[in-house]
Amino acid sequence: MARIQNWKPEDPVFWEQTGKALAWRTCGITTFSLIFSFATWFVMSAVVVRMPAIGFKFTTTELFWLAAMPGLASGILRLIHSNFIPVLGTRPVVSISTIIKIVPMIWLGYAIQDLETPYATFLIIAFLCGMGGGDFSSFMPSTSIFFPKRLQGLAMGIQAGIGNFGVSVVQFVAPWIIGFAVVGGAVGGPQLFTKADPVRGAITVTKSEAGIVTDVVAQRPDLVPALQVERADDGSLKNVTLAAAEGVKLFESTVERDATGAIEAVKSTPGLRLDVKRNDAGAITDVALRSVVQKPMWLQNAAFIWVPFLVLAFLLCVFFLRSIQVPTRGFMGQFEILSSRNRARVHTWNCTMTYICSFGSFSGFSAAFPMLIKTLYGGFDGAPDPLTYAYLGPLIGGLVRMLTGGFFDKIGGSKGMQWTTVGQIAGVLFLIFGGYLTPTSLEQFSGFLYGMLWIFLMSGINNAATFRQYPIVFAYSPAKGAQMLGWTGAWAAFGPFVWNALIGTSIDKTGTVIAFFAGCALFYVYSLLINWWYYTRKGAERFDYGNAGGTWWDRLPKAEQERMKRIDLGQAA
């Protein structure tokens with residue numbers, strides 16, 4: 001299908017008669033596809049919190065790395081995608097990038113059913129899941145080309161906001177969809193899910209200097225007759241068991257399997273279980289009382305569920321999308337945003353930093369949120385299920401991105417970025433100094449949750465403001481404005497990788513996540529200063545005060561505008 005050669009969205013007559021309908025149709029179809037791109041991107045973050053409970057023996061750090069890998073891939077792929085739309089066009093790029101994402105979904109769906117699947121295999125699958133985040137840098141440039149500048153903030157805010165619902169959808173749908181066989185046994189049987197929460201304060205375990213348990217004492221009256229301690233002739237601890245008693249219900253489970261070993265049914269009674277660990281010599285080294293629940297779980301459904309939606313989105317893209325021919329200097333010309341022409345390099349750096357502050361924070365915390373809940377609050381009695389709350393942050397961030405895009409068309413993107421960055425700093429400091437990152441009780445979870453949701457709110461609004469701001473910064477070149485949305489999105493897409501990796505490192509090195517959150521606060525301050533100096537203060541180099549207050553480009557004389565356009569194309573000034 002031939003490209004559209006003469007696209008003039010800034011012409012009011014053309015826009016009303018021809019451009020408007022096609023632009024909004026393109027936005028609608030690509031937004032539908034983007035929802036499932038984000039869903040596949042964040043599937044791994046929803047799956048990793050369940051993997052230990054079905055039998056995978058991965059460490060906390062390894063699980064953080066599995067959640068991080070899609071971010072590494074998406075960042076790399078966005079750097080590539082940021083060059084595609086001006087050169088290749090919307091239709092082929094979005095269509096192919098949509099259908100290819102079924103590969104990691106099918107692979108993950110089968111790999112998760114085999115407890116012998118190597119960790120390296122999951123790392124590869126997690127990396128491929130990053131394709132769902134990588135193509136975002138083709139969606140945003142496409143939308144910016146189709147719309148006039150006065151509507152770009154609205155259109156891209158709607159697209160990114162609704163598209164980001166994919167993050168919430170996958171974290172909301174996953175706990176429900178893994179609870180039953182969607183298509184019978186066609187895509188595999190259930191796994192055995194075991195949730196074993198420690199019962200704190202129920203027993204006291206005394207150990208010798210060598211780490212050997214010397215005594216176990218029940219602290220709850222109902223456990224006194226149930227806890228049975230057996231000693232050897234020399235007085236050393238020989239065995240510890242838990243017997244049924246009044247008020248004490250023991251955990252019981254029967255798993256029925258077919259001839260191949262596949263689970264057919266799980267019959268279990270929730271209750272208490274005493275776990276006793278021994279060293280190679282047979283001496284008891286630890287005793288723990290746990291409240292245990294066991295049930296069947298179809299974790300593969302969390303991946304397979306997206307395959308039909310990806311196929312549908314692919315068909316819509318193939319049959320209904322069009323591509324626009326825009327002035328471009330080919331793939332090599334795309335790197336001119338790193339040149340000194342019209343001070344492009346300076347503003348490329350500035351936009352990249354502020355976009356990492358906004359979308360990097362949103363995507364990073366979205367990927368890390370489930371594991372943060374599990375790591376910080378999972379050890380308390382009645383610990384919250386991470387997936388019960390994990391979808392709320394991305395939902396709030398995505399919703400405000402959709403609702404506030406048009407508002408920043410009116411007042412300017414830089415002002416919105418300024419105040420929301422201040423809000424992000426406040427949220428991080430609240431979590432640090434409120435003690436919510438080093439909790440001593442489950443009662444602190446509500447404060448942690450509200451603090452995190454505030455950061456999601458601020459980063460979501462901040463992100464909506466950037467969609468207005470960046471095309472204005474590069475107003476002399478629609479192609480470069482489009483590419484800047486892709487370029488900045490590429491670096492910010494490393495958010496899930498960087499956030500998870502640094503959180504894991506912070507825990508390994510310091511035992512807490514405070515160092516990571518303090519680093520976030522410092523980076524946010526740096527981003528705040530950049531935005532204020534170059535884009536927000538009175539007389540800023542490339543200010544944007546909205547459709548009402550005007551922009552730096554509107555204030556330039558016509559001759560100066562034409563001179564910058566010639567410089568951008570490498571012509572004599």
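A: A residue counts as buried when its relative accessible area is under 20%. The model here is a predicted one. In it, Thr117 has a relative accessible area of 11%, so Thr117 is buried.

Thr117 sits in a loop, with helix 6 (102-111) on one side and helix 7 (119-129) on the other. Leaving aside residues up to four places away in sequence, Thr117 touches Phe56, Phe58, Ala111 and Phe122.

As for Ala186, 69 residues separate it from Thr117 in sequence, and the C-alpha to C-alpha distance between the two is 20 Å.

Now the cysteines. A disulfide is a covalent bond between the sulfur atoms of two cysteines. Searching the whole structure gives zero disulfides. The cut-off for such a pair is a sulfur-to-sulfur distance within 2.5 Å.

For Cys317, the closest cysteine sulfur belongs to Cys27 and is 12 Å away, which is too far for a bond. Cys317 is buried because its relative accessible area is 0%.

For Cys520, the closest cysteine sulfur is in Cys357, at 9.3 Å, so this pair too is too far apart for a bond. Cys520 has a relative accessibility of 6% and therefore counts as buried.

Note on methods. Residues are numbered from 1 along each chain as its sequence is written. This is a predicted model: local features need pLDDT of at least 70, side-chain atom pairs count only at pLDDT 80 or more; totals for chains, interfaces and linings use all residues. Side-chain values use heavy atoms; hydrogens and water are left out. Helices (H or I, at least four residues) and strands (E, at least two) are DSSP runs, numbered from the N terminus. Buried means under 20% relative accessible area, exposed over 50%, partly exposed in between (1.4 Å probe, protein chains only). Contact means heavy atoms within 4.5 Å.
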